[in-house]
Amino acid sequence: MSATETHEFQTEVNQLLKLMIHALYSNKEIFLRELISNASDALDKLRFAAVSDDSLNEGDEKLAITIGFDKEARTVTISDNGIGMTRDEVIANIGTIANSGTKKFLESMTGDQAKDSNLIGQFGVGFYSSFIVADEVTLETRKAGTSEGTRWTSKGEGEYTLEEVSKDDKGTSITLHLKEDMDEFLDRFRLKNIITTYSDHINFPIQMKKTEWDEEAKEDKELDELEQVNKATAIWTQPKSELSDEDYKNFYQTISHDFQEPAAHIHNKVEGTLEYTSLLYLPKKAPFDLYDRDRRYGLKLYVKRVFIMDDAEHLMPTYLRFVRGVIDSADLPLNVSREILQSNKVVDKIRAASVKRVLDHLGKMAKADDSDEYHNFWDEFGQVLKEGLVEDFANKDKIAKLLRFSTTHDDKVEQRIALQDYVDRMSEDQEAIYYIVADTHAAAKGSPHLEMFRKKGIEVLLLSDRIDEWLVSHLNEFEGKQLKSITSADLKEFDEEAEKELSEEDKKQREALTEKVKKALGEELVQDVKVTHRLTDSPACVVNAEGEMSAHMIRMMEQMGQEVPKQKPVLELNPDHALVKKLEAMDNDDTVKEWSLFLLEQAQLAEGHQLEEPAAFIKRMNSLLANVA
Ligand code: ADP
Ligand code: MG
């Protein structure tokens with residue numbers, strides 16, 4: 001036997017432990033859920049490994065989790081006869097934090113204990129939750145198929161000790177020495193209650209010692225016999241008719257580590273050429289790391305009830321990464337690997353059917369009269385769903401129907417209008433679905449480009465999500481109607497109509513105006529100058545020439561640090577505006593230039609551009625104002 005060795009915790013672990021010990025009191029019973037979840041993982045791993053090497057069972061095939069407590073010693077013990085850990089694995093898994101998530105965890109603490117303790121599970125730092133209730137934790141473990149056992153102990157204060165021990169049973173046993181004020185957990189009823197609340201559908205029996213009334217001592221006496229506390233049935237294998245919402249909720253909370261109830265569950269048993277069961281959940285709230293590239297996501301994959309892997313991302317496309325749940329297939333081999341999943345016909349079919357179920361369910365939710373539920377879903381996951389339009393070509397139409405937008409129909413409510421609503425409201429002769437993309441909702445709805453559309457009563461989609469520019473570049477049409485940007489120069493349908501009403505005299509006058517301004521600004525600054533019919537209140541606007549990138553797109557690319565070739569805008573002037581009329585009447589070249597620049601710059605500002613020389617703009621404006629005053 002080797003002597004006891006002392007090791008220091010990684011800095012992050014220490015930070016985390018401090019949190020556990022001092023901050024996370026309100027949901028302290030989650031420690032049991034976390035330790036049971038780890039035990040269940042260890043049993044899953046053993047069962048899987050034993051498929052190819054039966055000796056790992058060590059003659060003990062009844063996999064179970066055992067919970068006990070000792071009132072005198074003030075301890076609670078959680079044991080499993082699962083895979084166990086080697087000494088090196090103990091050091092690697094308990095004492096360091098392998099994933100970068102912990103830092104983010106620490107950063108995302110809100111100070112609201114209920115919320116914060118909810119985050120523990122999501123970050124995969126479950127083991128340390130022991131220190132919410134314990135002032136000392138002892139872990140004894142022996143890896144299945146090896147002989148050396150390891151004891152790990154810690155008071156959760158900066159260091160832990162390791163020593164070699166002999167351990168008869170494979171697996172791990174964790175003993176929590178409870179803090180002074182944690183006596184409530186030295187109670188059979190309380191422990192049982194936590195187990196059935198959080199861990200009823202853990203796929204292995206969770207057992208406790210049976211008790212019997214002792215007449216002499218006038219109290220319950222523990223027997224050596226064990227009884228099973230949880231249901232331990234793989235919930236997805238049970239018929240829907242036998243499951244309550246409560247059952248579905250509990251299972252969701254077990255697999256997702258989410259404290260809320262799910263927004264919906266979708267449970268299907270498929271028999272025929274393929275045989276599998278899927279139980280999928282839509283969460284109510286987006287996880288904090290929905291956009292984190294490192295985040296593992298996906299479904300749990302089982303093969304004939306044997307757990308194969310977590311986060312099987314091939315079972316759900318990226319844009320549905322928020323879906324949680326289980327797929328249990330009867331057609332895949334037990335030794336299926338992530339690589340095989342990538343190019344497997346069975347997986348492809350299961351995935352396609354699962355995606356369809358999720359989208360159909362969302363479709364139903366969206367159609368329901370009481371659509372608060374869908375609004376909530378959209379606010380949480382709408383941005384992610386938009387990715388699907390590009391990622392999942394086969395389901396493009398279905399996804400397009402699920403999208404919700406802000407529009408000028410009612411620009412006070414954000415992202416509630418379906419494309420179908422828009423199309424239903426279109427007049428017979430409206431050619432396209434019009435949209436504008438800007439950095440913010442306020443910028444979109446305040447854009448001068450909207451003036452004509454508002455006047456004519458034509459609805460315009462107001463887009464301002466980061467992903468929207470990309471979205472419209474992939475969504476060319478909906479229900480046979482083309483999508484068209486109102487800031488593109490290509491809006492001939494309106495210009496032609498207005499042209500017709502002009503007299504020859506008007507036309508000449510306009511030509512003179514545009515020539516004058518074009519000459520004043522020069523080819524360096526603008527591609528062209530035109531008279532527009534699209535403005536009513538503003539003197540000028542800029543549009544991008546056909547085939548060129550939109551202003552919003554350019555800004556996004558610049559923000560991403562990409563070089564964007566300089567594009568010259570087309571300046572459009574509103575001939576009916578007082579400022580433009582004044583300009584028209586001027587003949588001093590210098591003044592014409594100043595005014596032209598001023599109109600160009602304000603039009604660029606209105607589009608959210610950064611001016612190259614803001615100080616020069618201010619100076620120009622001030623001198624113009626001084627002349628007025
Ligand atoms: P997570 O379960 O999210 O990985 P935890 O903090 O709960 O994070 O556990 C850390 C790691 O410690 C686990 O991934 C596992 O490798 C190991 N571990 C914890 N409990 C056990 C156990 N009962 N048996 C075997 N390994 C365990
Ligand atoms: Mg865990």
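Biologist: Which strands does helix α2 lie across?
Modeller: This is a predicted model, to be clear. In it, helix α2, residues 30-52, lies across β2, β3, β7 and β8. The helix runs at about 145 degrees to β2.

Biologist: And which strands does helix α7 touch?
Modeller: Helix α7 covers residues 188-198 and touches β2, β8 and β9. Its direction makes about 150 degrees with that of β8.

Biologist: Back up a bit. What's the strand order in the sheet?
Modeller: β1-β6-β5-β4-β7-β3-β2-β8-β9. That is an open sheet of 9 strands, with mixed pairing.

Biologist: Which strands sit at the edges?
Modeller: β1 (5-8) and β9 (219-228). Each of these pairs on one side only. From one strand to the next, the twist averages 25 degrees.

Biologist: Do β2 and β3 run parallel or antiparallel?
Modeller: Antiparallel, with 6 bridges joining them. Strand β2 is residues 65-70, and β3 is residues 75-80. Gly-68 stands opposite Thr-77 in β3.

Biologist: New topic. Which residues touch the most other members of the largest nonpolar core?
Modeller: Leu-301, Leu-362, Leu-385 and Tyr-434. That core has 74 residues. Helix α10, residues 345-367, gives the most to it: 9 residues.

Biologist: What does Leu-301 touch?
Modeller: Leaving out residues up to four places away in sequence, its contacts include Val-306, Phe-307, Ile-327 and Leu-341.

Biologist: How many residues are in the second core?
Modeller: That separate core has 55 residues. Among them are Leu-46, Met-182, Ile-194 and Ile-206.

Note on methods
Residues numbered from 1 in each chain as written. Chains lettered and ligands numbered in written order. Predicted model: local features only at pLDDT ≥ 70, side-chain atom pairs only at ≥ 80, totals over all residues. Heavy atoms only, no water. Pairing = 2+ DSSP bridges. Helix = DSSP H or I, 4+ residues; strand = E, 2+ residues; numbered from the N terminus. Axes fitted to C-alpha atoms, helices over the stretch in contact; angles between N-to-C directions. Contact = heavy atoms within 4.5 Å. Core = buried A, V, L, I, M, F, W, Y, C linked by side-chain atoms within 4.5 Å. Buried < 20%, exposed > 50% of the residue type's maximum accessible area, 1.4 Å probe, protein only.
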